[in-house]
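Thanks for coming. I'll go through one structure today, taking a few residues and helices in turn.

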Amino acid sequence: MQGWLSILIMIALGAGFALISVLLSGVLGPSKPSAEKSAPYECGMPPVGDARERQSVKFYLVAMIFLLFDIEVAFLYPWAMALRGLGWNGFAQVVLFMALLLAGYVYVWRKGALDWGNEKTERARKLRT
Amino acid sequence: MSPLLIAQIGLTLFVFVMLLSSAAVMVYVERKVAALLQQRLGPYLVGPKGLLQPLADVIKLMFKEELRPRAADALLFALAPIISATCAFAAFAVVPFGASTTFFGLLKIPLRLQVADVNVAILVIFAIASMSVYGIVLAGWSSNSKYSLLGGLRSSAQMISYELSYGLALAAVLLVSNSLSVTEIVNSQAGSWWHVIPRWSVFLQPVGFLIYMTAGIAETNRAPFDFPEAEQELVAGYHTEYSSMSFAMFFLAEYINMVTVSAVATDLFLGGWHGPFLPESLGWIWFLVKVGALLFFYVWMRWTLPRYRYDQLMRFGWKVLLPLSVVNLLVTAAGVLYFGL
C-alpha cells in the first residue's frame, strides 16, 4: 500500500505546486483588463465569430478507432505476462485475435477513415477510373 | 513513524524537487544547445554563463498579468495547466532511478531509489501518459480561440494515435523481461553476453526501442512532431491564450514529460542503472548519464529536423508505426517461445 500512498503524495505535491504558483502570479501580477486584452488572439485582426464551430469529423473517427485499438492493447498486457505459461497455444490464439482485428483495420483503411490531406480525393479518383 | 516511512517521504520530496530543477535545467540546456547548433552564444548574461536564466524567466513570468479571453470557460481554463503539470509529476512516481541503498548504513532495511514501488508500474505509466491528453484538450477547448481549438484537436488526435504504438512497444518489453515491475525489468538486464555486449533490452528489441522513442517524441509533442504548437500555422497552438504562470505550467509539464519518457526508455531498454566500472550503489550516475544522453538527443532533433506535415504524421502513425509495432510484438512473442528466453 505504501507505494500507492507515495503516488498520491506525488500527485498532491504536483497539483499543490501548480495551484500555488498560478494563484501567486495572480496576486503578484498586475491586473488591468481591457477589451483588446480579453479578446481571443487572431493575429491583430478583430476576432470573427465564435471559435467553437463545427470541426472536421476526422477527429471523431480517429478517437473512435483509437478506443477499439487501445482496448486491444490493454488486453495484450496480461497475455504478454502469461505467454510463457500459455505456450504456442496462447500465441496462436492471439494471432487469431489479431487476424480478426486486421479485418477491421483493413475495412477502416479501405473506407478512408485513416486518410488525411489529399489521400481521400486521390482514392476517390482511383475508384472512378 | 518508522524511519523507513520518513525516508520514503523524504525521497518523494527529493524527487519532486529534482523534477522541478530538471525542467529548469532543460530550459537552459535547450537554449544553450540551440545556440551551439546555430553558432550563437545563447543566454549568457544572468549568472555565470547564463545559468540563472531559467530562474529569471520564472520570476518574470510570476509578475506578468494573467489574461483570459472574455468568452473562455473560466473553470476549465484555470484547471487545464494544473492538470498538465500534475500528470507530468505523477508519471515519474513509478520510475526507479537507482538500486536500493541504505544511505551509508543509516537505515536498517535498504530503500529502493524510487518514489513508489508498485508491481504494475508499467500500467501506471501507460495510464498517466493517457491522462495528460486531458490538460491539452481542455486548454484548447476552454480558450475559445480558433488557434487554441485547432491546436488542441490536432494534439489530441496525435497523442491518441501514437499512444497505441507506445503501448504495443511497452508490451513487447514485458514479453522479453516477463514482469510488470520496472525494477524487475531493470534487474533482468544486469550482466552481459560473452562479457562484451551488455544485456540491455535494446539489443533484443531494437525495433521496439525505435517505435518507443518515435511514439514518445510524438506523445510529448516535440519536434519533428510538435504540431500542437506549430508556430508558423497556429501561433502557439493550445496555449495561445495562456500567459503568466499558467503558461509556465505547460512548459514545465512538457519538459518533465520529456524527462519521464527518457527515464522510462533508460529503464526499459538501456539497462537502467546497470553499467560497467561503477558499483551498483552508485548506479544512479549511469542512470543520469543515459537519461541525459536521451534528452540531448531530444533537443538535437528539435533543432535539426523540420516539422512533418500533419497528414504525414497521421499517415505515419496509423499506416506504418501501428502495423510495425503489432508485427514487432508477434515476432517477439514467437522469439520468446522459440528460444525459451
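I'll start with B:Pro206, which counts as exposed because it has 12 C-beta neighbours inside 10 Å, and 12 or fewer is the cut-off for that class. This is a predicted model, so please keep that in mind throughout. B:Pro206 lies in helix H8 of chain B, which covers residues 206–219.

The largest nonpolar core holds 124 residues. The residues with the most contacts inside that core are B:Phe89, B:Val94, B:Ile125, B:Ala171, B:Met249 and B:Ile256. Helix H5 of chain B, residues 146–177, supplies the largest share of this core, with 19 residues.

Now the pair H4 and H5 of chain B. H4(B) covers residues 121–142, and it packs against H5(B) at an angle of about 175°, with the axes 8 Å apart. Angles over 145 degrees count as roughly antiparallel, and H4(B) and H5(B) are therefore roughly antiparallel to each other. The residues of this contact divide into 14 nonpolar, 8 polar and 1 charged.

In the loop between H4 and H5 of chain B we find B:Asn144. This residue has a positive phi of about 55°, although it is not a glycine. Is B:Asn144 buried or exposed? It counts as buried, because it has 21 C-beta neighbours inside 10 Å, and the cut-off for buried is 20 or more.

On to helix H10 of chain B, residues 244–269. H10(B) has 26 residues and spans 38 Å from its first C-alpha to its last, close to the 38 Å expected at 1.5 Å a residue. Of those 26 residues, 24 are buried, and the helix is mostly covered. Within H10 of chain B is B:Ser244, another residue that has a positive phi although it is not a glycine, here about 60°. B:Ser244 is buried, because 23 other C-beta atoms lie within 10 Å. Just after H10(B), B:Gly271 also takes a positive phi, of about 80°.

What does H10(B) meet in H2(B)? On the H2(B) side the residues are B:Val58, B:Leu61 and B:Met62, and on the H10(B) side they are B:Ser244, B:Met245, B:Phe247 and B:Ala248. H2(B) covers residues 53–62, and its axis comes within 7 Å of the axis of H10(B), crossing at roughly 140°. H2(B) and H10(B) are therefore oblique to each other. The contact residues here divide into 6 nonpolar, 1 polar and no charged.

Last, the contact between the chains. How many residues does each chain give? Chain A gives 53 residues and chain B gives 65. On the side of chain A that touches chain B, the elements giving two or more residues are helix H1 (2–28) and helix H2 (58–111) of chain A. H1(A) gives the most to that side, with 19 residues. By class, the chain A side has 34 nonpolar, 13 polar and 6 charged residues.

That's all I have; I'm happy to go back to any of these.

How values were computed: Residues are numbered from 1 along each chain as its sequence is written. Chains are lettered from A and ligands numbered from 1 in the order in which they are written. This is a predicted model: local features need pLDDT of at least 70, side-chain atom pairs count only at pLDDT 80 or more; totals for chains, interfaces and linings use all residues. A nonpolar core is a set of buried Ala, Val, Leu, Ile, Met, Phe, Trp, Tyr and Cys residues joined through C-beta atoms within 7 Å. Helices (H or I, at least four residues) and strands (E, at least two) are DSSP runs, numbered from the N terminus. Two residues are in contact if their C-beta atoms, placed from the backbone, lie within 7 Å. Ala, Val, Leu, Ile, Met, Phe, Trp, Tyr, Cys and Pro count as nonpolar, Asp, Glu, Lys and Arg as charged, and the others, Gly among them, as polar. The expected span of a helix is 1.5 Å times one less than its number of residues. Axes are lines fitted to C-alpha atoms, for helices over the stretch in contact, and angles run from 0 to 180 degrees between N-to-C directions. Angles under 35 degrees count as roughly parallel, over 145 as roughly antiparallel, 65 to 115 as roughly perpendicular and the rest as oblique.
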